[in-house]
Amino acid sequence: MRDETPILLWLRRDFRLSDHPMLSAAAASGRPVLALFILDPLAEAYGAAPKWRLEQALAAFAPALAACGVPLVLRRGPALAVLRQVLAESGAGAVWWSRDLDPAAIARDTEVKTALRAEGLEARSFDGQLLFAPWAVQTGQGGPYRVYTPYWRAVRGLTVAPPLAPVTALRPGPVLRGESLPALGLGLAMRRGAAIVAKYARVGEAAARARLQRFLQDGIATYQARRDFLAENATSELSEHLAWGEISPRAIWHAGAQAMAEGRAGAETFLKELVWREFAWHLMFYYPRLATENWRPDWDSFPWAGESAAAERWRRGQTGEPIVDAAMREMYVTGRMHNRARMIVASYLTKHLLTDWRIGLAWFEDCLIDHDPAANAMGWQWVAGCGPDAAPYFRIFNPASQAEKFDPEGRYRRAWLAEGNRHAPQTAQDFFAAVPRSWGLVPGAALSAPLIDLAAGRDRALAAYAARPKTGQTGTGAATIAS
């Protein structure tokens, strides 16, 4: 006899219908289904831009899910308390969710799973965030990988299951009340910047598929050769969709693998970048403090500077280094930043300004609509030199030479800097419309004087590195997930 007990689907960062293991399993079960999003303390703690982008993702996904027969119910509160309340109201006997490997999410989900099972309820988690579960890829000694290249070699030949077909129909369960999306207030912290970022964001599963197709048609052939050029549209721009689960990594992997099989230049490099994201999550799973502590303990005594006037000028795109300021403004206006630019601004903050990488990490976390906790943490530590698989710690990006190499005609800088630009484009003007009025920034002013001479900053950093203690071992404390 078929089980008629409703299933409660708990949605978090998986807002798509295609290649969604949890939704596909729910459809195949034939059981009544309810769908729930909870604005819990973890989601409440997101930065301003991620919370705004979450609101947009929910707004795009809710009607798509409703077209399958199931409305998306919105509630607010601690996850376990809200789940218990909804279970009592609906008579559901199961809670399903897509696995989230952020350390705080693992702790939350483990608590939920343990509590619900103790109460005789079904609690089940599904894959979908990654191509490879961290525990499924291990070294010959049975431990985690710590360096990217061996990790890539280990996974490049692994079988990746083909994407699942889109879910088109779900059997609806009992009708539940919920809050309206505006009542959750997810976009309030963006203030006047929300209207600016909205012009540049592309939201939803359809937009993700369109971006992937555009890249496959127009971008993948030149990806390896042109992806670092700041003013060119030479990347896939899929990061915001991956961050919110509007497209699955399997869909991207198979599209890239097909292009590689066709001999298209750039395809393997593109797949490596997708696997770089996997590697970041692999590391965060085995080292949950990746976003809060130096990966290499011998950096714990390094004299990073804390909050300062210089760090604030960096945040505001007022360092006086044109390529750095252009990149910081690109992020404030669009919620995204070119990957090459991310390395330049991170190097400038941590090396020329000798400022703690966690200050930069926190600002990115607040400003990026494509914020990915693992990639953000690994990227900052990689550039700072204290992280896993790091660039040589003594490598210091020179903003001027980086600009000459990757923005040789100055198009990127002109796009984002209004100072000294009588015919500044809308992109540059939008920065002044987006920033808080309290910053007192106006487009007619001259570009700020440089915070530090680049050669002097490099010499100061190298001297600090030479005095750095060279001892210490990297530890791990892998997270655990209830089965």
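Predicted model: local features only at pLDDT ≥ 70, side-chain atom pairs only at ≥ 80, totals over all residues.

## Burial and the basis of the model

A residue is taken as buried when its relative accessible area is under 20%, and D228, at 18% relative accessibility, therefore counts as buried.

## D228 and R340

The side chain of D228 meets that of R340 in a salt bridge, with an N to O distance of 3.4 Å. This pair links distant parts of the chain, since D228 sits in the loop between α10 (223-226) and α11 (239-243) while R340 belongs to helix α16 (residues 339-352), 112 residues apart. R340 is buried as well, its relative accessible area being 12%.

Salt bridges with shared partners also join R53, R211, R214, E237, E240, E246 and R336 into one network.

## D19 and R250

Between D19 and R250 the side chains form a salt bridge at 2.4 Å, N to O. Here too distant parts of the chain are linked, with D19 in the loop between β1 (7-11) and α1 (21-29) and R250 in helix α12 (residues 249-261), 231 residues apart. Both D19 and R250 are buried.

## R31 and E122

The side chains of R31 and E122 meet in a salt bridge of 3.5 Å, N to O. Because R31 lies in the loop between α1 and β2 (33-39) and E122 in strand β5 (residues 122-126), the pair ties together parts that are 91 residues apart in sequence. R31 counts as buried at 9% relative accessibility, whereas E122, with a relative accessible area of 28%, is partly exposed.

Notes. Residues numbered from 1 in each chain as written. Heavy atoms only, no water. Salt bridge = Lys/Arg side-chain N within 4 Å of Asp/Glu carboxyl O. Helix = DSSP H or I, 4+ residues; strand = E, 2+ residues; numbered from the N terminus. Buried < 20%, exposed > 50% of the residue type's maximum accessible area, 1.4 Å probe, protein only.
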